[in-house]
Every structure is written in C-alpha cells, then in structure tokens.
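Dear colleague,

Please find the structure below, followed by an account of what was found in it.

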Amino acid sequence: MAACIANSRSETSSTDPFTLDSSKCQIGTRCRTQLCRLNLSNLVSGKTSNWGGKKVSNSSKTTLHDEDEDGLWLKIQEEALHDLEQEPILFKYYYSSILSHVSVESALASHLAMKLSNAHIASDALMEVFLSVFHEDHEVRRAIRDDLKAVRERDPACISYVHCLLNFKGFLACQAHRVAHKLWSQGRAVMALLIQSRISEVFAVDIHPGAKIGRGILLDHATGIVIGETTVIGDNVTILHNVTLGGTGKVSGDRHPKIGDGVLIGAGTKVLGSIRIGEGAKIGAGSVVLKEVPPKTTAVGNPARLVEGKEKLVI
C-alpha cells in the first residue's frame, strides 16, 4: 500500500493530480484499486478536475456541502468505483459522468445536458441552465436527493444510487422537469417549454412545466406518462408507466388532478379533471378516475370504484 501511494505521488507530480488515468485503473490488483480510491479522495476535495476532456474550475460547478452531509454523494462515487471493478471498459463513461464531479448536482446537470442536447442545442448551454437552478434553489437540491432515495428504496429493480442517477429515465425526466418548472415560475416560458419538449422526445415523459411536483417521487418505467399544467402532486408518490393526469376538455383554468402524499397510481391509469386523490390512496392499473378518491382507499376499474377502505367513492 505504501508503495502504491508513493507511485501515485510520483506519477501525478507533473500532471493534474485529479486526473484518473484509465491505464492505471484496470482494478485488477489491490494496489490499483487503492490508487483509484486515493485519486477519488482528491476528487472529493474539489480543487480542480478535468470535465469531459476540458479543464473546469470550481466556479462553474455547484459544491453543496450542506446537502452532502448525509454521505449520499460519497456513496454514489463508491458505487461507481465498484461498478468499474466489474466493468473497467466503462471507465471513461463513469469518469465523465460521476468521478470528475464534486457533487450530485454537478453530475446530474452534466448528465441531463448530455441527454437533452442535440445538434442545435449545445450541452454546455443546457448545463449552465441546470446548474444555475440547482445553485439557487435549495428545495430543488433537496428534492433531487429525496427522489434518488425514493427510487432506491421503493423500486426493487434499482440496484444502486449510481444506477438510478445514470440510467433511470423516470428519475432524470423528473429532475429536468424541476428545472423547467423553476424557469416557468420565473417567467422564462420559452426555455421551460423547450426543456419540456426535449424531455418528451428523449424520455417519452410529457410533463407541463407548470405542474407542481413534490419530493420522494418514483416514476416507475415512466414511458408514456403525461402530466398536465395545473396538476399538483404531493410527496412520496409513485406513478407507473402510461399514466395520464389530464383534463376533461375545459379550455383553461384549474383543470387537472391534485394527487395527495403517498399515492400509488398503477400503469395505464387515467385521472381526469380537477379532482383530488386522497393521501395514501391506491389506483389500480388501467383505471379511469373521474371522481374524487378518499384517503387510504383503493379504486379500480373504468369508471373507477372503491374495493377497499371505509369510505365510498364520491359520485
């Protein structure tokens, strides 16, 4: 181990000490593993790094120590290194996506920008937009972390936090929406609608930037989810694929559902109109809900009817 540290010092003395060389990271021996972890500790210190092949100062990144006190970001980095032990061929991808960053927000902004950019919308410009929102809004930063934890805890298909951050399009679509919603609330409708459009094209999730979404959200599978402008979603809500939270044809005004905390909405469900789904309610797959659902009840069918709970569905 001492030799490993000594070698790492001599090898990095003439180059950027925060650059991980993939040739030194083939994770085949204990020494090389320790070298990777040593360099990771330098990355965590957050002095400087190479970001996508370009040197980036900390002024363009978001270091949020108050958010990181729970160790989530360190856990994500550790998971990334563990993945590299199994698949060293992914080194460049994991380095640019995770290991070159100083916070969850920095990694997420870069990853979203890469996903949502195209030939005419530069990833650098999008990354700047995402970082600016993450930097100025503590509630968005908190929601990102709560959503990560929600997916890891409630989705048995999620094997790690880093897996969610990189691969779960429901999580990514929700975080991009949070940025779009912030811009919408600031009167930046053009940018907000552009991000909405890119989310729809890339992730097949269409959320109007005016929709209000709480924390601890799980969009499971996510494909085909549609959420209208005046929708309000509480905390710790789970929504499966092909769910529509839509209107009934009313031209304007408050016309979309209000979803309480802890609600579960099954695949293919349609909840239409400005109706309330009470806290802790469950909606069965394929249901069409046109009337209020009381708290802690289960509704199924088309039209939806109660199958559980003490209260009757409001007709």
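Which residues form a nonpolar patch on the surface? The patch consists of I89, L90 and Y93, which together have about 300 Å² of accessible area. Patches are made of residues with over 30% relative accessible area and no salt bridge, with like charges joined within 9 Å and nonpolar side chains (Val, Leu, Ile, Met, Phe, Trp, Tyr) within 5 Å. A salt bridge is a side-chain nitrogen of Lys or Arg within 4 Å of a carboxyl oxygen of Asp or Glu. Accessible areas come from the Shrake-Rupley method with a 1.4 Å probe, and for residues only the protein chains shown count as cover.

Please note that this is a predicted model: local features need pLDDT of at least 70, side-chain atom pairs count only at pLDDT 80 or more, and totals for chains, interfaces and linings use all residues. Residues are numbered from 1 along each chain as its sequence is written, and side-chain values use heavy atoms, with hydrogens and water left out.

Helices (H or I, at least four residues) and strands (E, at least two) are DSSP runs, numbered from the N terminus. L90 counts as partly exposed because its relative accessibility is 34%; buried means under 20% relative accessible area, exposed over 50%, and partly exposed in between (1.4 Å probe, protein chains only).

Y93 is also a contact of H111, a residue of helix α6 (residues 104-116). With a relative accessible area of 3%, H111 is buried. Leaving aside neighbours within four places in sequence, H111 also contacts S97, L165, L166 and L172 (contact: heavy atoms within 4.5 Å).

As to cysteines, the count of disulfides (pairs of cysteine sulfur atoms within 2.5 Å) is zero. C164 is in no disulfide, and the nearest cysteine sulfur, that of C158, is 4.9 Å away. C164 is buried at 0% relative accessibility, and C174 is buried with a relative accessible area of 3%.

Turning to the strands, β4-β7-β10-β13 is the order of an open sheet of four strands with parallel pairing. Two strands pair if DSSP finds at least two bridges between them. β4 (212-213) and β13 (276-277) each have a single partner strand, so one side of each is left without a neighbour in the sheet. Strand β10 (residues 258-259) pairs with β13 in the parallel sense over two bridges, and I259 stands opposite I277 in β13.

Yours sincerely
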